[in-house]
Structures are given as C-alpha cells and as structure tokens.
Amino acid sequence: MNSMHQGFWDAWELIITFDRDLYEIVFLSLKVTVSAVILASLIALPLGAFLAVFRFKFRRYVIAVLNALMGLPPVVVGLFVYMLLSRAGPLGGFGLLFSPSAMIIAQVIIIVPLIASISHQAIRDLWSEYHDLLISMNATRFQRAKALLWDGKRALLTAILAGFGRAIGEVGAIMIVGGNIEHATRVLTTAIALETGKGNFAFAMGLGLVLITLAILINLLIHIVGKTERASTW
Amino acid sequence: MVIFPLRMHGVTAHFRKKRLVGPIDITIETEGFTIVMGPNGAGKTTLLRLMHGLQRCSGGGVEWAVPQAKAREKQAYVFQSPIMMRRKVIDSIAYPLRLRGLGVSAARAKAQECAGRFGLENLLDSWAPMLSGGEKQKLSLARALVIKPDILFLDEPCANLDGRSTREIEEILLDAQASGTRIIMSTHDIGQARRLAQDVIFMYDGKIHEQTTADIFFTAPATKEAQAFINGDIVE
C-alpha cells in the first residue's frame with residue numbers, strides 16, 4: 001500500500017516539475033501511437049468499407065481471417081517485424097530496427113485488423129440501411145463507400161479509439177522492435193516494464209498513472225471534438 | 001434525352017423459387033399519374049422495384065428508350081419507410097446533386113431553394129433522422145425531386161401519415177406532375193387513388209389484372225377482384 005501511495009506522489013511530483021525524462025517518454029509514446037493510429041486508420045477504414053460494400057469471391061473468408069487477426073499476439077508481430085527489419089531481413093537495408101519507425105510498423109500491424117473489423121461491422125449495418133437508397137440514387141461504388149464512411153463517422157471513431165487503446169497499452173511488440181533504448185525508443189509501457197523489473201515500483205506506478213490519465217484524456221478529447229453522445233446527433 | 005417509353009416484357013421475379021410477380025407485359029408512356037393498386041402481397045412494391053431497377057428480373061426484361069444507366073439518372077424513388085441519411089436536412093437534399101458532380105455550395109443553394117418549396121426551410125439545420133414521420137417523407141420527396149427526375153416512383157408514401165401530411169404530399173406530387181415528372185405510385189388508399197390517378201394498374205396475385213384509365217377503373221372495373229377491392233371488401 002505504501003508503494004502505491006509513494007507512486008501517486010512520485011507521479012505527481014514528476015508531472016508538476018516537468019521532469020524532462022518523463023515528458024520525453026510521454027511525447028514519444030504519443031508520437032508513436034498517434035502515428036500508428038493515423039496510418040492504420042488510413043488502411044483499415046477503407047478496407048472496412050470495401051468489405052461491406054463490395055462482393056467478391058472468398059469475401060467471407062477474408063472477413064473471418066480479419067476477425068481472427070484482432071487477437072494477433074503482439075509478441076509474434078514483434079518477432080515478425082524484427083525479422084523483416086533486421087539486417088538479414090528483406091527490409092534490413094532501411095535501417096529501421098530499434099527506431100520509433102519500427103515501433104509504428106509493429107503497432108500498425110497489430111491494430112489494422114481491429115479497426116478494420118469494427119469499422120466493417122459498423123459500415124455493414126449502415127449499408128443495410130442505406131442500400132436501396134444509394135442504389136436508387138445511382139451512386140457509384142466509390143460514392144457509396146464514401147457516403148458510408150462519412151455518415152458512419154461516429155461509429156468509426158469508436159473503432160479508431162479501440163485501436164488507440166490497444167496501441168498505447170502495447171508492450172510486447174515494441175519492446176522487441178524498439179529495444180527500449182533510453183532517449184530513443186523508450187515509451188511509457190516499456191519504461192513501466194523496465195522499472196518494475198528493477199524493483200522500482202513507485203516510479204513504475206507513477207508512469208502507469210500517467211499512461212491511464214493520458215488514455216482517458218485523449219478519449220475524452222476525441223468524444224468532445226467528435227460531438228458523440230449528443231441528443232441532436234447520431 | 002427522352003427515356004420513355006418503359007417496356008416490360010415477360011418480366012418475372014422470384015424469391016427462393018417462389019414467384020413474386022409475373023409474367024408482366026406493360027408499357028409506360030411519357031405523361032401521366034399512374035396509381036398501382038392491389039391487396040397486400042399482390043406485387044405492387046416488386047413491380048415498382050423492377051421498373052426502377054432495384055430488383056433483378058428472374059425472366060423477361062425491362063427496357064427504356066436509352067441504356068439502363070442513362071435512364072437511372074433521370075429516375076427517383078421514394079420508399080414507404082423513409083430512409084434518412086445521418087446528415088442535416090440541407091445536406092440530405094443536396095446529396096443527389098453532389099452525386100451528380102455539383103460543388104458543395106451550389107448543391108446547398110439548390111437544396112435550400114428546394115426545401116423552401118416543401119415547407120422545410122425552418123428545418124435546414126435539423127438532423128434528418130430526428131424529424132417527424134411527415135417531415136421525413138417530405139424530405140424524401142424533396143431529395144427525390146431536387147434532381148428534376150423524368151419519372152418518380154413512390155411506394156405507398158403516405159402510409160402511416162395523418163390527413164394533413166397526406167394532403168401536403170399530394171399537393172407536392174400534383175405540382176411535380178404539372179412540372180413534367182411522370183409519376184407511378186402504389187397505394188392502398190382508394191380515396192387517394194381517386195384524387196390523384198389518371199390511370200390505374202390493378203395487381204392481384206403477382207399479375208396485372210387491369211391497366212386502364214382511372215375513370216373506367218372506378219366506374220366499371222373489369223375483374224371481380226378489382227370490383228371487390230373498390231367496394232372495400234376483403235380481397236385475399
């Protein structure tokens with residue numbers, strides 16, 4: 001109980017004294033996660049719309065595989081990206097291993113299936129509602145997908161937030177491909193793992209509190225900006 | 001570009017081997033206000049959907065004077081249960097114009113002008129799914145008529161509406177027809193059919209039993225099913 005108490009105080013002190021190391025870790029965490037969420041959304045949202053609107057052979061299997069990949073073990077993704085980016089790997093020439101870019105790649109692979117599956121579900125429901133209307137209006141397939149993405153934006157926000165939640169709390173993959181290097185690839189989750197390993201529970205707890213607060217604040221901010229849960233909107 | 005006449009020849013539609021309608025042979029000419037009548041399950045909605053291309057024929061064909069894709073651009077359809085896009089009223093009306101390549105501000109300006117004609121000018125910034133039943137149907141009509149279609153299909157647009165909303169919608173439809181839009185509408189309401197119809201298609205058991213002028217249909221129907229329907233008897 002003392003450690004927890006101490007953790008709160010340590011965290012508070014680090015925050016109000018603008019501790020350089022802490023803020024560096026926080027900003028890197030945000031940079032990596034936000035970049036990964038933006039990139040993953042650019043891939044996953046159109047993919048979700050495509051799977052909802054277009055009919056093609058093996059579509060059901062693609063959806064089933066995508067759903068299964070939502071539970072992709074991060075450590076396996078980390079290993080895969082490591083092998084891809086290591087010197088002997090096919091993308092080794094880019095020298096990305098143990099860099100924030102490698103961490104972003106790993107996070108994108110982890111959250112694309114999650115965002116795509118949730119957005120596919122949301123867009124599929126909207127598509128069943130809009131189907132006759134958009135066909136009747138002679139909308140092209142591209143126009144249909146665009147209308148569904150636009151009108152379903154609040155539901156899609158939930159998909160993006162789910163991706164953000166998974167990415168910001170991820171540790172296994174980014175530990176492998178980032179290496180948890182101080183002042184280079186150390187983020188909140190890897191720092192917590194390190195401090196816990198060192199027995200520095202108070203500091204680890206402080207970092208944990210910062211991580212949770214950050215996740216809640218960003219979710220709140222997106223809900224406010226996205227005007228969700230308002231009586232006059234959908 | 002003249003899209004008429006619409007010709008349906010030998011059209012049938014099935015769902016899981018059950019025949020819904022057909023065989024249907026009919027020609028729709030340029031002008032008029034056609035009411036499609038018949039008991040539930042007679043195939044009224046299926047007929048409209050086949051004409052508009054929302055449903056594929058199992059047999060036969062639907063032909064316009066121009067290719068199907070061109071003809072579709074000049075058609076509009078109003079559904080029995082209004083489908084509301086999750087947008088503001090003004091953006092919902094502007095949407096068909098945007099699909100036709102009009103810019104945002106030009107489409108919104110036209111939508112605003114159109115909304116005024118439908119009594120929706122005070123609801124422009126309202127969220128479309130939050131409107132009342134009558135307002136939703138007026139919005140559906142505004143969205144359909146903003147493109148000035150050559151033909152408008154309506155599937156029981158006044159079902160579930162009160163007398164006042166029904167009257168407003170009928171006035172809008174008569175105005176649209178006067179402006180040159182061909183109208184084909186299904187309804188159960190014999191009073192409404194008497195008020196609006198120039199000609200009538202009477203359907204029973206998936207087939208067209210009668211296609212004639214409204215005067216003849218209401219004074220001397222040719223089939224006993226049509227007679228019973230007009231009399232208000234139960235037609236199964």
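Two residues are taken to be in contact if their C-beta atoms, placed from the backbone, lie within 7 Å. The model is predicted: local features need pLDDT of at least 70, side-chain atom pairs count only at pLDDT 80 or more, and totals for chains, interfaces and linings use all residues. Residues are numbered from 1 along each chain as its sequence is written, while chains are lettered from A and ligands numbered from 1 in the order in which they are written.

Chain A contains 10 helices and 0 strands. Helices (H or I, at least four residues) and strands (E, at least two) are DSSP runs, numbered from the N terminus. The pattern along the sequence of chain A is α-α-α-α-α-α-α-α-α-α. Its C-alpha atoms fill a box of roughly 65 × 50 × 25 Å along the principal axes. Of contacts in chain A between residues at least 6 apart in sequence, 78% join residues at least 24 apart. Chain A has 234 residues, and 40% of them count as buried. A residue is buried if 20 or more other C-beta atoms lie within 10 Å of its own, exposed if 12 or fewer, and partly exposed in between, with C-beta atoms placed from the backbone.

Arg186(A) sits in the loop between α8 (172-178) and α9 (188-197) of chain A. Arg186(A) counts as buried because 20 other C-beta atoms lie within 10 Å. Neighbours within four places in sequence aside, Arg186(A) is in contact with Ile25(A), Leu28(A), Asn180(A), Ile181(A) and Ala191(A). Ala215(A) is 29 residues from Arg186(A) in sequence and 18 Å from it in space, C-alpha to C-alpha.

At the interface, 14 residues of chain A are in contact with 15 residues of chain B. On the chain A side, α5 (100-136) and α6 (141-151) are the elements that give two or more residues. The largest share, 6 residues, comes from α5(A). By class, this side has 6 nonpolar, 5 polar and 3 charged residues. Ala, Val, Leu, Ile, Met, Phe, Trp, Tyr, Cys and Pro count as nonpolar, Asp, Glu, Lys and Arg as charged, and the others, Gly among them, as polar.

In chain B, helix α3 (residues 89-99) is mostly covered, with 10 of its 11 residues buried. Among them are Val89(B), Ile93(B), Tyr95(B) and Leu99(B). The buried residues of α3(B) pack against α6 of chain A, and also against α4 (104-117) and α5 (133-145) of chain B.
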